[in-house]
Number of protein chains: 2
Amino acid sequence: MQAINLAEKLEQFSDFYQPRTVGEFNGHDLMVVKAKGPFVWHKHDETDDLFIVLKGRLEIHLRDRTVSLGPGELFVVPRGVEHCPVAEEEAHILLIEPRDTPNTGDAETAAKRQVI
Amino acid sequence: MQAINLAEKLEQFSDFYQPRTVGEFNGHDLMVVKAKGPFVWHKHDETDDLFIVLKGRLEIHLRDRTVSLGPGELFVVPRGVEHCPVAEEEAHILLIEPRDTPNTGDAETAAKRQVI
């Protein structure tokens with residue numbers, strides 16, 4: 001039960017697309033992640049996917065459009081919708097998903113849960 | 001399905017402690033709220049309460065301590081824990097709670113759901 005400073009958490013690591021869990025909320029992980037370059041196309045059939053951009057820009061490619069997000073902007077990818085996040089330059093994201101949601105949509109290729 | 005700019009949403013109203021729903025995520029409302037002065041002591045027995053400060057400072061008084069939050073900081077009030085948010089100066093908050101959670105902890109005194 002303490003305040004969580006997102007920028008301080010983001011200073012603790014430098015790898016991309018490896019989310020760190022910084023808190024929990026109603027069965028969801030609150031995660032910070034650094035993005036750079038393209039991630040992979042994937043979907044989550046069981047959950048929406050909440051992206052809040054803290055720094056930089058993130059483009060979320062969908063099959064029929066691209067949503068571009070800057071700091072202070074958020075986007076919810078509805079469950080079942082294929083998406084591919086892409087960051088041309090390094091971007092910092094707050095990501096909220098149910099605990100143990102595979103970030104790639106596939107447990108075999110997903111990043112391991114890391115709590116900081 | 002579009003990007004949500006939180007600052008633009010916050011420009012659309014000026015009253016305090018009247019959350020506006022700007023999106024939905026896994027049965028939760030994503031809300032922006034302007035805070036100034038003290039809110040009321042309350043608790044939510046069925047849900048955690050996620051506060052993310054966007055602008056200004058918010059103090060979340062608990063019975064045994066006070067948590068002070070600035071921009072880029074978040075705090076989760078666990079379910080069942082009494083709390084009273086206080087903002088000395090105007091503060092802007094992103095608040096995430098299950099849809100129809102009464103903001104005062106009591107349906108009779110709660111702000112009505114307003115979607116913008």
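Tutor: Let us begin with a strand pair. In this predicted model, strand β2 (residues 20-25) of chain A runs antiparallel to β3(A), and five bridges join the two. Within this pair, A:T21 stands opposite A:M31. The hairpin of β2(A) and β3(A) has two residues between the strands, and A:N26 takes a positive phi near 50 degrees there.

Student: With which strand does β3(A) pair over ten bridges?

Tutor: That partner is strand β8 (residues 83-98) of chain A, again in the antiparallel sense. One of the facing pairs is A:G37 with A:A87 in β8(A).

Student: Is strand β3 of chain A mostly covered or mostly open?

Tutor: A residue counts as buried if 20 or more other C-beta atoms lie within 10 Å of its own. In β3 (residues 28-38) of chain A, eight of the eleven residues are buried, so the strand is mostly covered.

Student: What rotation superposes chain A on chain B?

Tutor: Two copies of a chain are related by a rotation about an axis and a shift along it. Here the rotation is 180 degrees, with 0.0 Å of shift along the axis and an RMSD of 0.0 Å. The two copies are therefore related as by a two-fold rotation axis. Both copies use the same surface, as 100% of the contact residues of chain A recur in chain B.

Student: How many residues does each chain bring to the contact?

Tutor: Chain A brings 25 residues and chain B brings 25 residues. On the side of chain A, β7(A) gives the most, with four residues. By class, this side has 15 nonpolar, seven polar and three charged residues. Pairing also crosses between the chains: β1(A) and strand β7 (residues 73-77) of chain B run antiparallel, joined by two bridges, and A:N5 stands opposite B:E73.

Key
Residues are numbered from 1 along each chain as its sequence is written. Chains are lettered from A and ligands numbered from 1 in the order in which they are written. This is a predicted model: local features need pLDDT of at least 70, side-chain atom pairs count only at pLDDT 80 or more; totals for chains, interfaces and linings use all residues. A residue is buried if 20 or more other C-beta atoms lie within 10 Å of its own, exposed if 12 or fewer, and partly exposed in between; C-beta atoms are placed from the backbone. Two strands pair if DSSP finds at least two bridges between them. Copies are superposed by least squares on the C-alpha atoms of residues with pLDDT of at least 70 in both. Two residues are in contact if their C-beta atoms, placed from the backbone, lie within 7 Å. Ala, Val, Leu, Ile, Met, Phe, Trp, Tyr, Cys and Pro count as nonpolar, Asp, Glu, Lys and Arg as charged, and the others, Gly among them, as polar.
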